[in-house]
Amino acid sequence: MRISEIELPSNRKFGLFFAGVFALATAYFFYHSTPPLTSVSAWVCAALALGFLTLALTIPDILLPLNRLWMQLGAVLGMIFSPIVLAILFFGVFTPIALLMRLFGRDELRLIMHAPATHWKERTSQDMSAPAFKRQF
């Protein structure tokens, strides 16, 4: 998939989302400012939240370039971090489990090298009635 083929959310949703994000950041900075209401970053975030909210509700088409840029950034980050996360998952989870299973002699797929001539399972019960054939496993 090309970055240019990414389906964008509506510009209004994008603007409302970022208004919410900046409103949460404003609340955080106001809450953690030592003298109340003196944090510059809180006022900047409040202005950005108000700006995004105003644009999203009045003229959301202005947010289209930012919406595209945001989605392209997400696509690039996905291309970078997906292989890293999958490698960590594979080599950090699946490989140690497989090594432990091999160490303790577990063979879940029954692929032992000294396998019998056939891979059919022996049937333990000799029940040959009709209901026994309906539930074979």
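**Figure 1. Buried face of helix α1 in the predicted model.** In this predicted model, helix α1 comprises residues 11-32, and its buried residues are Asn11, Phe14, Gly15, Phe18, Ala19, Phe22 and Thr26. These residues lie on the same side of α1, because they cover an arc of only 130° around the axis. They pack against α2 (40-58) and α3 (64-103). Lys13, Leu24 and Tyr31, on the other side of α1, are exposed. The end C-alpha atoms of α1 are 32 Å apart, which agrees with the 32 Å that its 22 residues should span at 1.5 Å a residue.

Figure 2. When neighbours within four places in sequence are left aside, the residues in contact with asparagine 11 are Pro60, Asp61, Leu63, Leu64 and Asn67.

**Figure 3. The aromatic pair of phenylalanine 14 and phenylalanine 52.** A pair of aromatic rings is described by the distance of the centres and the angle of the planes. Across the whole structure, a search finds 10 aromatic pairs. In the pair shown here, the ring centres of phenylalanine 14 and phenylalanine 52 are 6.3 Å apart and the planes stand at 75°, so the pair is edge-to-face; planes over 60 degrees apart are assigned to that class. Because phenylalanine 14 lies in helix α1 and phenylalanine 52 in helix α2, the pair ties together parts that are 38 residues apart in sequence. Both phenylalanine 14 and phenylalanine 52 are buried.

**Figure 4. The aromatic cluster that includes phenylalanine 14 and phenylalanine 52.** One aromatic cluster is formed by Phe14, Phe17, Phe18, Phe22, Phe52 and Trp70. Among its members, Phe14, Phe18 and Phe22 belong to the buried residues of α1.

**Figure 5. Course of helix α3 and the residue glycine 105.** Helix α3 has 40 residues and reaches 56 Å from its first C-alpha to its last, close to the 58 Å expected at 1.5 Å a residue. At phenylalanine 81, α3 bends by about 30°. A proline, proline 83, follows within four residues of this bend. After α3 comes glycine 105, whose phi is positive, near 80°.

Terms used
Residues numbered from 1 in each chain as written. Predicted model: local features only at pLDDT ≥ 70, side-chain atom pairs only at ≥ 80, totals over all residues. Heavy atoms only, no water. Helix = DSSP H or I, 4+ residues; strand = E, 2+ residues; numbered from the N terminus. Contact = heavy atoms within 4.5 Å. Expected span 1.5 Å × (residues − 1). Buried < 20%, exposed > 50% of the residue type's maximum accessible area, 1.4 Å probe, protein only. Arc of directions from axis to C-beta. Bend = angle between axes of the 7 residues up to and from the residue. Phe/Tyr/Trp six-rings, centres within 6.5 Å; stacked < 30°, edge-to-face > 60°.
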